[in-house]
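I opened a new page for this one and wanted a first look around. My notes follow in the order I looked things up.

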Amino acid sequence: MPVTVTRTTITTTTSPAAGLGSPTIVGSPRALTQPLGLLRLLQLLSTCIAFSLVASVGAWTGSMGNWSMFTWCFCFSVTLIILIVEVFGFQQRFPLSWRNFPITFACYAALFCLSTSIIYPTTYVQFLPHGRVRDHAIAATTFSCVAFLAYALEVTWTRARPGEITGYMATVPGLLKVLETFVACIIFAFISDPYLYQSQAALEWCVAVYAICFILAAVAILLNLGDCTNALPISFPTFLSVLAFLSVILYATALVIWPLYQFNERYGGQPRRGRDVSCSRSHAYYVCTWDRKLTVAILTGINLLAYLVDLAYSSRLVFVKV
């Protein structure tokens, strides 16, 4: 569903590829020879090599290994679907908005591959003994980095610029929604053990904040992917502004409460990592409790900054037609 904004024009288009300087050929194998098509082939190849290297030696034991394998397989599969849709010209038959879906996926894929390129070597590869398995794992990490760069380049190429015509998800607020939901998912992974927050009602409030803000941002993304923004009882721009403002307030409380109750002895926290017995020795595929708490605090700050920028953009953008 097309929208138009005063600073960045957002409406429907299928022929030009934003930022590439030439039209994208769709419904033909020649789509693969265009810059964006070649970039997606690189994404396909790098993710395929990454999971093939790991699968061939079974180097994906434990939750971190499973996360990495899922990332590469997921990115490979969806990239393959996107290529098939563009080569055969199935955009009109695709169940989701083609103006918004490719860049939304590219942004998620870039974040997935970036996280995997960091998590896999630090929590898995470094614990492997020297040999064939370790060499394959290191090579897979390298190709994961290549995939991240390829997806990040696609986001850079296809994001909205002033005066260009594209979908909402290609704008800065749209991409920030992807970042916000992704960071929230990482937070959920680190607080998956209830003992991290069930001891204090204040910490349970923080978990509620993460869940509420994640759901609201996910709803905004799904409404755009499904071209259903008119289904809201209020205008979509108003919904975006209220969402960003509410999320800033909620995350601000979490940024204060989470570190206070996790690291301040007065409130039952543990200020020093050395006092946490779970951090006394190195574990493969495992992150100790204190490190989890610190990571959640850092990610809370990152998401608060993302929502602040989102609020600034949502306040500046004046939608003319939704």
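Entry 1, the largest pocket. I checked how much space it holds and got about 500 Å³. This is a predicted model, so I keep that in mind for every value here.

Next I looked at what surrounds that space. I found 20 residues lining the largest pocket, and I noted I119, I186, F190, T295 and L299 as the ones nearest its centre. Helix 3 (101-123), helix 5 (172-190) and helix 8 (289-316) are the elements that each give two or more residues to this lining. Helix 3 gives the most, with seven residues. I also sorted the lining by class: 15 residues are nonpolar, four are polar and one is charged.

Entry 2, the helix 1 and helix 2 pair. How do I describe two packed helices? I use the angle between their axes and the distance between the axes. For helix 1 (residues 35-57) and helix 2 (residues 62-88), I got an angle of about 150 degrees, with the axes 9 Å apart. The crossing of helix 1 past helix 2 is left-handed.

Then I listed who meets whom. On the helix 1 side I wrote down, among others, L41, L44, F51 and V54; on the helix 2 side the list includes W72, F76, L80 and L83. The contact residues split into 15 nonpolar, four polar and two charged.

I counted eight helices and two strands, running β-α-α-α-α-α-α-α-α-β from the N terminus. Of the 322 residues, 49% are buried. Among contacts with a separation of 6 or more, 75% come from residues 24 or more positions apart.

Note on methods. Residues numbered from 1 in each chain as written. Predicted model: local features only at pLDDT ≥ 70, side-chain atom pairs only at ≥ 80, totals over all residues. Heavy atoms only, no water. Axes fitted to C-alpha atoms, helices over the stretch in contact; angles between N-to-C directions. Helix = DSSP H or I, 4+ residues; strand = E, 2+ residues; numbered from the N terminus. Left-handed = near helix turned anticlockwise from the far one by under 90°. Contact = heavy atoms within 4.5 Å. Nonpolar A, V, L, I, M, F, W, Y, C, P; charged D, E, K, R; others polar. 1 Å grid on protein atoms, 1.4 Å probe; cavity = no way out; pocket = protein on both sides within 12 Å on 5 of 7 lines; lining within 4 Å. Points joined across faces, edges and corners; volume = space filled by probe spheres on them. Buried < 20%, exposed > 50% of the residue type's maximum accessible area, 1.4 Å probe, protein only.
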